Amino acid sequence: MKRGEVTFRENGTQLAVKWQDKRDVNFLTTVHPSSMAQSGRLDHFTGEPKVKPACVLDYNKKMGAVDRADMITSFVDCARKSTKWYKKLFFHLLDTAVLNAYTVHRKLSEERMPYKDFRLKLVKELIQEHPLPRRSTGGRPCINTPLRLTGRHFPSFVPPTEAQGQSTRRHCRVCLYTTRRKRERKLSRYMCSSCDTALCPAPCFEEFHTLKNY
């Protein structure tokens, strides 16, 4: 077939299309007619409007977002080699759900963070909200411990913003959500950088990193 030529075959419910572009382009569709339509561009050689099969035009119009989503997900996807088809499907749906959440977050929040950082933050928050005990190999049973209660944590200053400069403050999480005393909306200049959480230096910093229910 020469470039621009097309062949249609249909059986009443399905339409098979073979169109010659730079290479063979094949489509199988149930919703498009066997017709050609103008693409809105001109042929540089003849000056006439370019025509393509209707299904090709519809595909090009709708699949841009899907191709971009596949590209973004491919850099940090959670897929692993597996012989089980349903596991591959599960990981694909999981990546898609996380990307959708990131898209909604960008629409509703003024915060702009890279997709990789969003995934890491999401993982940390999920583990803190739904921690699982480690498997015990003997001895005393392990404790159901969130990440904030493990590792090493050090106080640091809240990063300055353009609006507030060096006097930038954020609400202390413990003061805001504590169950041990009256809740307050206290602003603090200090935070735990590894937890990305603003905290009063005392006693909130210690309580946040030592108490499961602060």
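How many residues lie between β2 and β3 in the hairpin that they form? There are three residues between these two strands, and the points below start from the sheet to which they belong.

1. Basis of the note. The model is a predicted one, in which local features need pLDDT of at least 70 and side-chain atom pairs count only at pLDDT 80 or more, while totals for chains, interfaces and linings use all residues. Residues are numbered from 1 along each chain as its sequence is written, and side-chain values use heavy atoms, with hydrogens and water left out.

2. The sheet β1-β2-β3. Three strands (strands being DSSP runs of E of at least two residues, and helices runs of H or I of at least four, numbered from the N terminus) make an open sheet in the order β1-β2-β3 with antiparallel pairing, where pairing requires that DSSP finds at least two bridges between two strands. Its edge strands, each of which pairs on one side only, are β1 (6–10) and β3 (24–29). The twist from one strand to the next averages 10°, with axes taken as lines fitted to C-alpha atoms, for helices over the stretch in contact, and angles running from 0 to 180 degrees between N-to-C directions.

3. Asp-58 and Lys-62, both in helix α1, lie four residues apart, about one turn of the helix, and their side chains meet in a salt bridge at 3.4 Å, N to O. The criterion is a side-chain nitrogen of Lys or Arg within 4 Å of a carboxyl oxygen of Asp or Glu, and by this rule the count comes to seven. Asp-58 is partly exposed, at 27% relative accessibility, where buried means under 20% relative accessible area, exposed over 50%, and partly exposed in between (1.4 Å probe, protein chains only).

4. Two bridges connect β9 (residues 190–192) with β10, and the partner of Cys-192 in β10 is Thr-197. Asp-196 forms a salt bridge with Lys-121, the closest N and O atoms being 4.0 Å apart. Because Lys-121 lies in helix α4 (residues 115–129) and Asp-196 in the loop between β9 and β10, this pair ties together parts that are 75 residues apart in sequence. Arg-170 is linked with Lys-121 and Asp-196 in a network of salt bridges.

5. The pair Glu-207 and Arg-181. These residues form a salt bridge with the closest N and O atoms 3.1 Å apart, and the pair links distant parts of the chain, with Glu-207 in helix α6 (residues 204–210) and Arg-181 in the loop between α5 (173–177) and β8 (187–188). Glu-207 counts as buried at 12% relative accessibility, whereas Arg-181, at 33%, counts as partly exposed.
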